[in-house]
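I opened this one up to take some notes on the fold. Here is the entry as I wrote it.

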Amino acid sequence: MRFMRGVTIAAGLGAVAAVGWAAREIPAALGGAPEGARGERIRRSPQYRDGAFRNPPGTDRGVMPAPAGSILRELLFGGQRRHPALPIPVVADAAASGPAAEGLAVTWYGHASALVEIEGRRVLFDPVWSKRCSPSQSVGPSRMHPPPVPLETLPRLDAILISHDHYDHLDLRSIKALARTQTAPFVVPLGVGAHLERWGIAPSRIIELDWGERASVAGLELVATSAHHFSGRGFSRDRTLWGSWVVAGADRRMFYSGDSGYFNGYTTIGEEHGPFDLTLIQIGAYSPHWADIHMTPEEGVSTHLDVRGGLLVPVHWATFVLATHDWSEPVERLCADADAREVRVAVPRPGERIDVDDPPKVDHWWREVAGR
């Protein structure tokens, strides 16, 4: 009896400690509000109308989200295989830690996190190394594979690019770790700097851009381009901008879609900034209920063609369950459509480095993992 009383007390103390930790953790993870000079700049943006950032005019497709209850029923009883049957293989590719490629290479770390080497420089996209993409590390979508390498072991970076402020793209713990271990600037869409400043990032390390604006960093041109999505942490929505990115060197260039529904802006991006040697295209977390904000794999192939891409490397799949489709469905659909349209694709394992000029043949490694 005394033992059980001790267990009960210990459990109670643990619960209190967890609640206390969450009470501190969650408000910090929500980030900061764009105010003052930052707020004034936002209000001058062509993308900011009627008190919020908006998608490009004339691009909404009128998709009505399903009631929350029907989505929950599908999640619980839909029968999809949303987790792989076997552990996802990860690769700690040492090549990414050597001298940066003078040409173009990419290492995919899972979900939307990727390291691009371009003309001797390194650019990291949307780093999320935490266990969960959530304001709390106690609840929320959990990783299905570990980060391939510790964040602290990444080589020296020249820029860290963020596409928008959702938790699966902007992670408090990863940002704070990078602030300690790297000196590279954080290049972000308008308003996202408010989150970074609340997390202790010096304003001198933050570059905020509107669509169409560009910054020169370490000899690279970084251009913020449009996307069809939304933003928000906690109860705020669309107070910060979202977007895609162009990274251009003297001879090589690449495009990162960020999160987006398929829209006619990609053709314009291709005309203004393409062609691209490499595209990183979002292919997962889609649904007919939110087609305006996440494209399907086939639309990902169309995006690649619209921007005039060379090699397509899919991202935003395999790491977190964020929709109801099967775990491997995005990449299966992507490869089938890419084959039909003669689009070059490379599908790395998490942590695997791809030389864009000499990509490996697609080996369908995920099929065994998925249990197919």
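How many helices and strands are there in the protein chain? I counted 9 helices and 16 strands, taking helices as DSSP runs of H or I with at least four residues and strands as E runs of at least two, numbered from the N terminus.

Before going on, I noted that this is a predicted model, where local features need pLDDT of at least 70, side-chain atom pairs count only at pLDDT 80 or more, and totals for chains, interfaces and linings use all residues. Residues are numbered from 1 along each chain as its sequence is written, and side-chain values use heavy atoms, with hydrogens and water left out.

**Overall**

I looked up burial next: 55% of the 372 residues in the protein chain are buried. Buried here means under 20% relative accessible area, exposed means over 50%, and partly exposed is in between (1.4 Å probe, protein chains only). Then I checked contacts, meaning heavy atoms within 4.5 Å. Among those between residues at least 6 apart in sequence, 70% join residues at least 24 apart.

**Cores**

I went looking for nonpolar cores, that is, sets of buried Ala, Val, Leu, Ile, Met, Phe, Trp, Tyr and Cys residues joined through side-chain atoms within 4.5 Å. The largest has 59 residues, and Phe-125, Leu-280, Trp-317 and Trp-327 have the most contacts inside it. Another core lies apart from that one, with 25 residues, including Ala-29, Ala-96, Tyr-109 and Leu-178.

Leaving out residues up to four places away in sequence, its contacts include Ala-112, Leu-161, Trp-245, Met-254 and Tyr-256.

Met-254 sits in strand 12 (residues 253–256), and I have it as buried at 0% relative accessibility.

**Helix 7 and helix 8**

Two packed helices are described by the angle and the distance between their axes, so I looked up both. The axes of helix 7 (residues 297–306) and helix 8 (residues 329–340) come within 8 Å and cross at roughly 45°. Axes are lines fitted to C-alpha atoms, for helices over the stretch in contact, and angles run from 0 to 180 degrees between N-to-C directions. Helix 7 and helix 8 are therefore oblique to each other (under 35 degrees is roughly parallel, over 145 roughly antiparallel, 65 to 115 roughly perpendicular, and the rest oblique).

Which residues meet there? From helix 7 I listed Pro-297, Glu-298 and Val-301, and from helix 8 Pro-330, Arg-333, Leu-334, Asp-337 and Ala-338. Asp-337 of helix 8 is buried, with a relative accessible area of 17%. Asp-337 touches Glu-298 and Val-301, not counting residues up to four places away in sequence.

Where did I find a cis peptide bond? One joins Gly-274 and Pro-275, with omega about 0°. Pro-275 lies in the loop between helix 6 (265–273) and strand 13 (276–282).

Ala-318 has phi near 85°, lies in the loop between strand 14 (309–315) and helix 8, and is buried at 3% relative accessible area. His-364 has phi of about 55° and lies in the loop between strand 16 (353–355) and helix 9 (366–370). Is His-364 buried or partly exposed? I have His-364 as partly exposed, with a relative accessible area of 29%.
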